[in-house]
Every structure is written in structure tokens, then in C-alpha cells.
Amino acid sequence: MISVQKFFLATVLCLSAPLAMQAGDGREEAKPQPFSRGFSTEKQLFIPKGTAGFGISATFSGGDMGQDAGYSIIPSLIGDIAGSYRTYGFSPAFEYFIGDNLSLGFRLDYKNTSLNIDSAALSIMEDMSFSVSDLSYRRHTYLGSLTVRYYVPFMTSKIFGWFVEGRLTGGYAQSKEYKTEDGLKHGVYSENWQLRLGAYPGVCFFVAENVDFEVQVGLVDFGYQHVRQVENQVNVSTANKWDAKGAIDLLAISFGARFYFLDKLHKPAR
């Protein structure tokens, strides 16, 4: 006959065997498993080395100011405003790819800004208010930039991508603001020399084999300015200043198109 001790020992062994097997399976499942969201760590070719690109971008904004046109600026402070504003510019650019997805280039920028205020009343307090009329502002800006761009495709796409462009920019601007009284102009004429360094990210997408459209916006920009002003063609003053911008500049959004010319090694087969 089987003793009670042997029967108890056999029962414990039978019950513990499945548990041991499950524990072994658990140790196998606990091994590190690679996880990926699908982003490749390998460099993806978007625009090959040896490619030359030429393009142009443009900006435009404008409108009328006035209550009758449905436009108001802080209604509690500024009232009876009437006028118009216009801003437009264009920028031709050239780039050459010294490496895959990496280019060096240059661009030229011209921008024209105009503002006309026919009338406006500013009321800060009940006993503190004033009004202006027949006030005009004009500005012309001429800039030249050395650029470096790096392109990154979205996932493995060869159509959609984004880029970051660095610019070293130098240029000149002239502006005048004046008020007309009794047929005479009274105001300030300004000249501005500047040297700037900035970062301008953007997105692009190809609509043909060698043609893309792009949207670009200013992000970080800082530099030096030398300003000379002449008031009423008599008083002269100068100023030097450093300034920096660290936020997205919605007024610097530009839309453009570029044409790419591939070298012989990368031209598509016909």
C-alpha cells in the first residue's frame, strides 16, 4: 500500500509541474521585444547631391481699415479709423546641393510696405484722447542672404517633406512717415542698415518630377541694425541696436515654387 506521505508528495509534484511550465513561459515572454513606430533611422534620400534648384517666393497682404468695412482695432480704445494698408514682396533664390538633402545657396528679397491713415481717434481715459489724420508710411527693403537648407522627407515619401533653412542676411531699408498739413509734409525719413541671422522652417511637396511648392515661416531671428533718421530735412539722429525674435512670425509667411535640375547620374530614365 502507498503510504500517506508518498501520496502527498506525488500530489504536490503533479500540481507544481504546470505552474513551473507557466513560470518558464512567462520568463520567455518577459524578454525585451523591439518596438518601432515605423520611423526609419536610416538617412532617406529626398533630393540628391549635385542637384541645382531655382525658385521664387512671394508675400502679399492688404486691406481697408474702417468700421464700414467691418474692421476694428481694440474698439474700446480706437475709433473712427479709416485707411488702408498694403504689403507685398518677392524673393528669387538659387541653391546647389553639396550633399544628399543638403544645399547651399543665396536669395534676394524685396519688400514694399505702405500704410495710410485717413483718420483715427484714440481714447485712453475720459479726459485723455487725441486724433490723427492724413498720416502715411512707406518702406522699401532690399536684402541679400546666404542660405543653407536641410531637407527631411515625411517617413519614406519622395513627394512630401519639410526643411529648415538658416540665413545670414545683410541689407538696406529706407522709409518715411509723414503727415500732411495745409498742403505741406512734415515727417521723418529713415535709413536702416542691418545684418541678421535667422532660422526659417517650412514644408514642401512635389507636384511634378522636378517642381515643388513650399510654405515657409520665420521662427528665430536676431541681428544688428544701424538707423539714421532725418526729421523735416533738418534734424539728424542715429542709433545702433541689437534685437531678437523668438516666436513664429505670421507676417513672414511666404509661398513659393522651386524648379530642380538633376545631374546626369540622377536624371529619370526616358
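Glu-95 is buried, with a relative accessible area of 1%, where buried stands for under 20% relative accessible area, exposed for over 50% and partly exposed for what lies in between (1.4 Å probe, protein chains only). The model is a predicted one, in which local features need pLDDT of at least 70 and side-chain atom pairs count only at pLDDT 80 or more, while totals for chains, interfaces and linings use all residues. Residues are numbered from 1 along each chain as its sequence is written, and side-chain values use heavy atoms, with hydrogens and water left out.

The partner of Glu-95 is Arg-258, and the closest N and O atoms of this salt bridge are 2.7 Å apart; the term salt bridge is used for a side-chain nitrogen of Lys or Arg within 4 Å of a carboxyl oxygen of Asp or Glu. Distant parts of the chain are linked by this pair, with Arg-258 in strand 10 (residues 249–261) and Glu-95 in strand 2 (residues 78–99), 163 residues apart. Arg-258 also counts as buried, because its relative accessibility is 4%.

## Other salt bridges and the network

In the whole structure, a search finds ten salt bridges. Glu-165 and Arg-167 form one of them, with 2.6 Å between the closest N and O atoms, and both Glu-165 and Arg-167 are buried. Glu-95, Arg-258, Glu-165 and Arg-167 are among the residues linked in a network of salt bridges, which also includes Arg-107, Asp-109, Arg-149 and Glu-214.

Arg-196 and Asp-243 likewise meet through their side chains in a salt bridge, at 2.6 Å from N to O. This pair links distant parts of the chain, given that Arg-196 is in strand 6 and Asp-243 in strand 9, 47 residues apart. Arg-196 is buried, with a relative accessible area of 10%, whereas Asp-243, at 22% relative accessibility, counts as partly exposed.

## Fold and burial

The protein has one helix and ten strands, these being DSSP runs numbered from the N terminus (helices H or I, at least four residues; strands E, at least two). Read from the N terminus on, the order of the elements is α-β-β-β-β-β-β-β-β-β-β. Of the 270 residues in the protein, 29% are buried.

Phe-205 belongs to strand 6 (residues 184–208) and counts as partly exposed, because its relative accessibility is 35%. The C-alpha atom of Phe-205 is separated by 8.5 Å from that of Trp-162, although the two residues are 43 residues apart along the chain.

## Aromatic pairs

A pair of aromatic rings is described by the distance of the centres and the angle of the planes. The search of the whole structure finds 13 aromatic pairs, a pair being two rings of Phe, Tyr or Trp (its six-membered ring) with centres within 6.5 Å, called stacked if the planes are under 30 degrees apart, edge-to-face if over 60 and tilted for the rest. The rings of Tyr-224 and Trp-242 have centres 5.3 Å apart and planes at 55°, so this pair is tilted. Tyr-224 in strand 8 (residues 220–231) and Trp-242 in strand 9 (residues 235–245) are 18 residues apart, and their pair links distant parts of the chain.

Tyr-224 counts as partly exposed, at 29% relative accessibility, whereas Trp-242 is exposed, with a relative accessible area of 69%. One aromatic cluster is formed by Phe-46, Phe-97, Tyr-151, Phe-163, Phe-206 and Tyr-260.

## Positive phi values in two loops

Asn-101 is not a glycine, yet its phi is positive, at about 70°. Asn-101 has its place in the loop between strand 2 and strand 3, and it is buried, with a relative accessible area of 1%.

Met-155, a residue other than glycine, has a positive phi near 55°. Met-155 is found in the loop between strand 4 (128–153) and strand 5 (160–181), and at 44% relative accessibility it counts as partly exposed.

## A negative surface patch

On the surface, Asp-118, Asp-134, Glu-181 and Asp-182 gather in a patch of negative charge. Such patches are made of residues with over 30% relative accessible area and no salt bridge, like charges being joined within 9 Å and nonpolar side chains (Val, Leu, Ile, Met, Phe, Trp, Tyr) within 5 Å. Lys and Arg count as positive and Asp and Glu as negative, while His and the chain ends are not counted; the place of a charge is taken as NZ of Lys, CZ of Arg, CG of Asp or CD of Glu. Accessible areas come from the Shrake-Rupley method with a 1.4 Å probe, and for residues only the protein chains shown count as cover.

Asp-118 has its place in strand 3 (residues 102–125) and counts as partly exposed, because its relative accessibility is 48%.
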